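Me: I am new to this structure and would like to get to know it step by step. Could you look at it with me and answer some questions?

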Amino acid sequence: MRSSKFVRALPAAVTAVLALTAGQAVAAPSSAAPAEHTAAARVVTYDAGGAAEFKDAVSKGAAIWNESVANVELKPAASGQQANVRIIADNGWPRTLSTGLGRGTIYFGRQAVDEGYNTVRISSHELGHILGLPDMKPGPCSSLMSGSTAGVSCTNPYPNTAEKAEVEDSFGLVGAVTAAPRMYRD
């Protein structure tokens with residue numbers, strides 16, 4: 001009985017789809033030209049209202065990620081908007097409590113800054129956790145997620161190719177917005 005209703009409804013559904021696409025031609029991608037990224041980036045909003053003296057470093061860290069990846073965009077939350085990410089300055093060591101991909105709280109700890117670590121690198125690193133990246137310790141300065149193991153002389157705030165690819169993959173997948181809460185302590 002169910003299949004006969006389906007069979008009767010099928011011509012109407014096909015007709016509706018054809019009517020919606022009538023006159024539209026779709027070209028196959030040229031093998032000579034690379035495919036362009038046309039999907040809209042997922043927006044992750046952040047609130048740096050509690051970042052105190054680190055607000056500028058947070059803005060720079062977000063800008064670095066925005067120029068490095070296409071599948072996600074970090075934007076300051078609009079006034080009155082609930083942000084996906086809160087950034088709070090405190091006197092401890094920098095750490096991130098991720099409550100899911102693109103969500104959580106960053107504690108911008110002054111302890112690392114007092115020890116000489118670069119504020120923009122700290123910001124980019126902690127935002128990397130929000131974007132789903134784990135620590136990669138020990139690691140070289142070329143790895144943003146190596147964090148403090150690269151030493152205080154390391155000021156590189158940019159993700160490397162593998163880190164960019166992992167974020168692109170995470171935000172490019174349908175349904176990738178769920179993840180278990182995690183605490184990253186650098």
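Predicted model: local features only at pLDDT ≥ 70, side-chain atom pairs only at ≥ 80, totals over all residues.

Me: Which residue does a disulfide join to Cys141?

Reply: The structure holds one disulfide. Its two sulfur atoms lie 2.0 Å apart, within the 2.5 Å cut-off for a disulfide. The partner joined to Cys141 is Cys154.

Me: Where in the chain are Cys141 and Cys154, and how many residues apart are they?

Reply: Cys141 is in the loop between α4 and α5. Cys154 is in the loop between α4 and α5 as well. The separation of the pair is 13 residues.

Me: Is the disulfide of Cys141 and Cys154 right-handed or left-handed?

Reply: The torsion about the S-S bond is what decides this. For Cys141 and Cys154 that torsion is about 80 degrees, so the disulfide is right-handed.

Me: How many helices and strands does the protein chain have?

Reply: From the N terminus on, the elements run α-β-α-β-β-β-β-α-α-α-β. That order belongs to a chain of 186 residues, of which 37% count as buried. The chain has five helices and six strands.

Me: Which element gives the largest share of the largest nonpolar core?

Reply: This core has 32 residues, and Tyr46, Trp65, Leu74 and Val167 touch the most other members. Elements that each supply at least two residues include β1 (42–50), α2 (55–68), β2 (72–76) and α5 (161–172). The largest share is five residues, and the element they come from is α2.

Me: Which residues does Trp65 touch, not counting residues up to four places away in sequence?

Reply: Trp65 is one of the core residues that touch the most other members. Leaving out those sequence neighbours, Trp65 touches Leu74, Ser124, Leu127, Gly128, Leu131, Leu133, Leu144, Pro159 and Val167.

Me: How many residues apart are Phe54 and Phe108 in the chain?

Reply: Both Phe54 and Phe108 are buried. Phe54 is in the loop between β1 and α2, while Phe108 is in strand β5. The pair links distant parts of the chain, 54 residues apart.

Me: What is the angle between the planes of Trp93 and Tyr117?

Reply: Trp93 and Tyr117 form an aromatic pair, 5.7 Å centre to centre. Trp93 is in the loop between β3 and β4, and Tyr117 is in the loop between α3 (110–114) and α4. Both residues are buried. The pair is edge-to-face, with an angle of 85 degrees.

Me: Which residues is Ser123 in contact with, leaving aside neighbours within four places in sequence?

Reply: Ser123 is found in helix α4. At 3% relative accessibility, Ser123 counts as buried. Leaving aside those neighbours, the contacts of Ser123 are Ala57, Val58, Gly61 and Phe108.

Me: Which residue has its backbone oxygen 3.3 Å from a polar atom of the side chain of Ser98?

Reply: Ser98 lies in strand β4 (residues 95–100). This serine counts as buried, at 5% relative accessibility. The backbone oxygen 3.3 Å from its side chain belongs to Gly100.

Me: Which residue takes a positive phi in the hairpin of β4 and β5?

Reply: β4 and β5 pair in the antiparallel sense over five bridges, and Thr96 stands opposite Ile106 in β5. The hairpin has two residues between the strands. The residue with a positive phi, near 80 degrees, is Gly102.

Me: How far apart in space are Pro134 and Glu163, C-alpha to C-alpha?

Reply: Pro134 is in the loop between α4 and α5, and is partly exposed with a relative accessible area of 30%. In sequence, Pro134 and Glu163 are 29 residues apart. In space, their C-alpha to C-alpha distance is 9.7 Å.

How values were computed: Residues numbered from 1 in each chain as written. Heavy atoms only, no water. Core = buried A, V, L, I, M, F, W, Y, C linked by side-chain atoms within 4.5 Å. Buried < 20%, exposed > 50% of the residue type's maximum accessible area, 1.4 Å probe, protein only. Helix = DSSP H or I, 4+ residues; strand = E, 2+ residues; numbered from the N terminus. Contact = heavy atoms within 4.5 Å. Polar contact = N/O pair within 3.5 Å; in protein donor to acceptor, adjacent residues only side chain to side chain. Phe/Tyr/Trp six-rings, centres within 6.5 Å; stacked < 30°, edge-to-face > 60°. Pairing = 2+ DSSP bridges.
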